[in-house]
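User: Please discuss the charged side-chain pairs of this model with me.

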Amino acid sequence: MSRPIEYGTACPRDGPENTVLSMTNAVVLDDVHKRYRDVTAVAGLSLTVPEGQTLALLGANGAGKSTAIGMLLGVVGPDSGTARLYDRDPRQAVREGRVGAMQQEGGTPPRVTVKELLTFVRACYPGPMPLAEVAATAHITGLERARVDRLSGGQRQRVRFAMALAGDPGLLVLDEPTAALDVRARRDFWAAMRRLTDRGRTIVFATHYLEEADRYADRIVVMGDGRIVAEGTGAEIKEAAALAAGSPLEDAFLALTSKEDWA
Ligand SMILES: Nc1ncnc2c1ncn2[C@@H]1O[C@H](COP(=O)(O)OP(=O)(O)OP(=O)(O)O)[C@@H](O)[C@H]1O
């Protein structure tokens, strides 16, 4: 099965040739459901992300964010409903190199250097980002000769970000991309993201850092029990939670995600 751009996965160049795009939605999830035995992970989620938008997925642990991300990347099959990326099956969009992904459990291979790894990943794409630009964007310049398995957790996370960038994809899907990053690395990361969005890239990211969602996302989707409980800008989310505009998003998040009846 084709997977997003992570270690040990299919090479996107193996897929069909790219064709010219004319539509404007990078992501469409239409009423997707997913159950794992007796656990409902996603319960009727519909989501459209136009090209160029930065969308943040918020939700408590277990709300269904990673499952939703898995479905939009084609690595989790929905029980019902459909997922489309660029009006294609997600696996096809991944094969075509339109998508760069950082999933929560993404690994990195042992015994290779950062440069070897990125050279391999870049070779999988028809129009990869120049290596120096990947390194600069992911803030790993100077680490190219280091062995990936000897990096710190935060450095490895930046290398995984570099892998997601390597194909210069139109859509980046990032599950908790700043989880292991220190304060400076997090700031650098968001500066890089800004440059990418300025170039028209579409970004979907899940996070527990509410201030990141508030500051960097065009639109925020708050999930609870596998469904959307609120969506809009940070200000609209606060309004939905009946809070003043100056209130921290955290207050709105807690109010919205503690409701017993999401309907
Ligand atoms: N492979 C799986 N097998 C069984 N249950 C699963 C599996 N993946 C997810 N779940 C369950 O589905 C629900 C949603 O999980 P998911 O990982 O999508 O949530 P999340 O919002 O990403 O959580 P977190 O913020 O903790 O990463 C949880 O109850 C989880 O235990």
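User: How does Asp89 count by relative accessibility: buried, partly exposed or exposed?

Analyst: Asp89 has 27% relative accessibility. Buried means under 20% relative accessible area, exposed over 50%, and partly exposed in between (1.4 Å probe, protein chains only). Therefore Asp89 counts as partly exposed.

User: On what basis are these values given, and which atoms do side-chain values use?

Analyst: This is a predicted model, in which local features need pLDDT of at least 70 and side-chain atom pairs count only at pLDDT 80 or more, while totals for chains, interfaces and linings use all residues. Residues are numbered from 1 along each chain as its sequence is written, and with hydrogens and water left out, side-chain values use heavy atoms.

User: Which residue meets Asp89 in a salt bridge?

Analyst: A salt bridge is a side-chain nitrogen of Lys or Arg within 4 Å of a carboxyl oxygen of Asp or Glu. The N to O distance for this pair is 3.2 Å.

User: How far apart are the closest N and O atoms of Asp149 and Arg147?

Analyst: Asp149 is partly exposed at 33%, and Arg147 is partly exposed at 28%. Their salt bridge has its closest N and O atoms apart by 2.9 Å.

User: Is Arg219, the salt-bridge partner of Glu231, buried or exposed?

Analyst: Glu231 and Arg219 form a salt bridge with closest N and O atoms 2.9 Å apart. Glu231 is partly exposed at 40%. Arg219, at 15% relative accessibility, counts as buried.

User: How many salt bridges does the count come to?

Analyst: One network of salt bridges links Glu133, Asp168, Arg199 and Arg201. The count of salt bridges comes to 12.
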